[in-house]
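Here is a short report for a first look. Please keep the model in view while reading.

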Amino acid sequence: MGEGEQRSFDASVDRSEGFGERLLGGLLDRAHEIPPQLVGPMVAEEVGRIGGRDVSILLQDYDQLTLTPLPGRKLMVGEPERIDGSAAGRAFLQEVVVEQPLAEGVRVFLPLLDGGDQVGVLAVTLDSAADDDRRLLWRLAALVGDLLTTKNGYTDHFSRVRRREAMSVAAEIQWSLLPPLAMTTPRVSVAGILEPAYDIAGDSFDYVLNDDILHLAVIDAMGHGLNAAVLATVAIGAYRHARRTDVGLAELYVYMDTAINDQFGPEQFVTAQMSQLDIATGRLEWVNAGHPAPLLIRGRRVIGRPENPGTLPVGFGGSQPKISELDLRPGDRLLFFTDGLVEEHRAEGEQFGEERLIEVIERVGPSGGNVREAVRTFSHTLMRERGGVTTDDATLLLVEWHGGRADHLATPRT
């Protein structure tokens, strides 16, 4: 149980828009200077003002199996909750409010969102929940998600909570390179996952949305351990540097190729896919540098592999990249992956293979939900299908193009 006093629901508490504005405004006034370890206690105090109690902030672990309570004064701290099969997990995966009836009230679970990425879950107990409570708690949870993400930039407090086991130095490097694991916008959604989460080394991915262009990269550095992590670091750094100079895919590939070749010589290389998706039109352009081709998923079925004329892996030097194009339809998904996913050998010695990968995707795809939930389901199902064995790094990056427009989000609601 939490250390804070238990406050019962008071029907006289004002939960109107005006009260919510004052409560959230007061929290914002303090948020910029509050130290990270006091974020939880501050949230618990604010929730208490609307009659809430037993506040928990649950953070996802690195391999997305559990939600672990953040410790702190006035917070309720218990055992980690499994994401699969729990009310907190449903709120986390489906980005919805979940209410669980109790003998004395209702337990409310709200996703902590930051730009579509899932930070974790806020759990609060109320004597009863009305629409005003839900609206206010939803907005509070959104603010808490932003706070945790911002404060995470200068503390280890939240990262320690998220770890279920020791992490290798190589994995530490790789996680520090990653963008948010997911992004959701009206026109496009992206979600990725790495395995083994605590010992990843040579795999990585990157993405960014610049105006109407979604830039994507998936890489697999040769080798294992710390050397692979260093190689991946240079590859991602070169990719970002070239991308930020606003060059095309051909120039971007050449820049990455030169950086790897100059630093490591032709004996070491990186396979990669670099893509640019125009989210206004659905036009995809990409370079495939010695990497497995992505899978095109339409209507939850794999309809093909967008093939690309061969381009040498990054680092061999002197290759002329081949750029391919594809027009997506609204609702199309592209699954990028590294070869560790399909080259793993099952217990009986048989290689897992791409056909088995496609069979699993089509079997679990219809119940996969949004891209965050889908890529997690793919990864964990594939891990079980491989008998829980991972001797090589494996990465999944799932992209869904929605089409449509987003201009309405810039217009204030009346």
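## A covered strand

This model is predicted. Strand S8 is mostly covered, with 8 of its 8 residues buried. In a regular strand, side chains alternate between the two faces of the sheet. Both faces of S8 are covered. Val188, Val190, Gly192 and Leu194 are buried on one side. Ser189, Ala191, Ile193 and Glu195 are buried on the other.

## The partners of S8

Which way do S7 and S8 run? They run antiparallel, joined by 3 bridges. S7 covers residues 182-184. A hairpin of 3 residues links S7 to S8. Met183 stands opposite Val190 in S8.

Strand S17, residues 394-401, also pairs with S8. Here 8 bridges join the two strands, which run antiparallel. Ala191 faces Leu398 in S17 as its opposite residue.

## The cavities

The model has 2 cavities of 30 Å³ or more.

## Helix H4

Helix H4 spans residues 131-151, 21 residues in total. From first C-alpha to last, H4 reaches 30 Å, close to the 30 Å expected at 1.5 Å a residue.

Which residues of H4 are buried? Among them are Asp133, Leu136, Leu137, Leu140, Ala141 and Leu143. Val144, Gly145, Leu147, Leu148 and Lys151 are buried too. An α-helix has 3.6 residues a turn, so residues three or four places apart point the same way.

Technical notes:
Residues are numbered from 1 along each chain as its sequence is written. This is a predicted model: local features need pLDDT of at least 70, side-chain atom pairs count only at pLDDT 80 or more; totals for chains, interfaces and linings use all residues. Side-chain values use heavy atoms; hydrogens and water are left out. On a 1 Å grid over the protein atoms alone, a cavity is a set of points where a 1.4 Å probe fits but cannot get out, and a pocket is an open set with protein on both sides within 12 Å along at least five of seven lines; lining residues have an atom within 4 Å of a point. Grid points are joined across faces, edges and corners, and a volume is the space filled by probe spheres set on the points. Helices (H or I, at least four residues) and strands (E, at least two) are DSSP runs, numbered from the N terminus. The expected span of a helix is 1.5 Å times one less than its number of residues. Buried means under 20% relative accessible area, exposed over 50%, partly exposed in between (1.4 Å probe, protein chains only). Two strands pair if DSSP finds at least two bridges between them.
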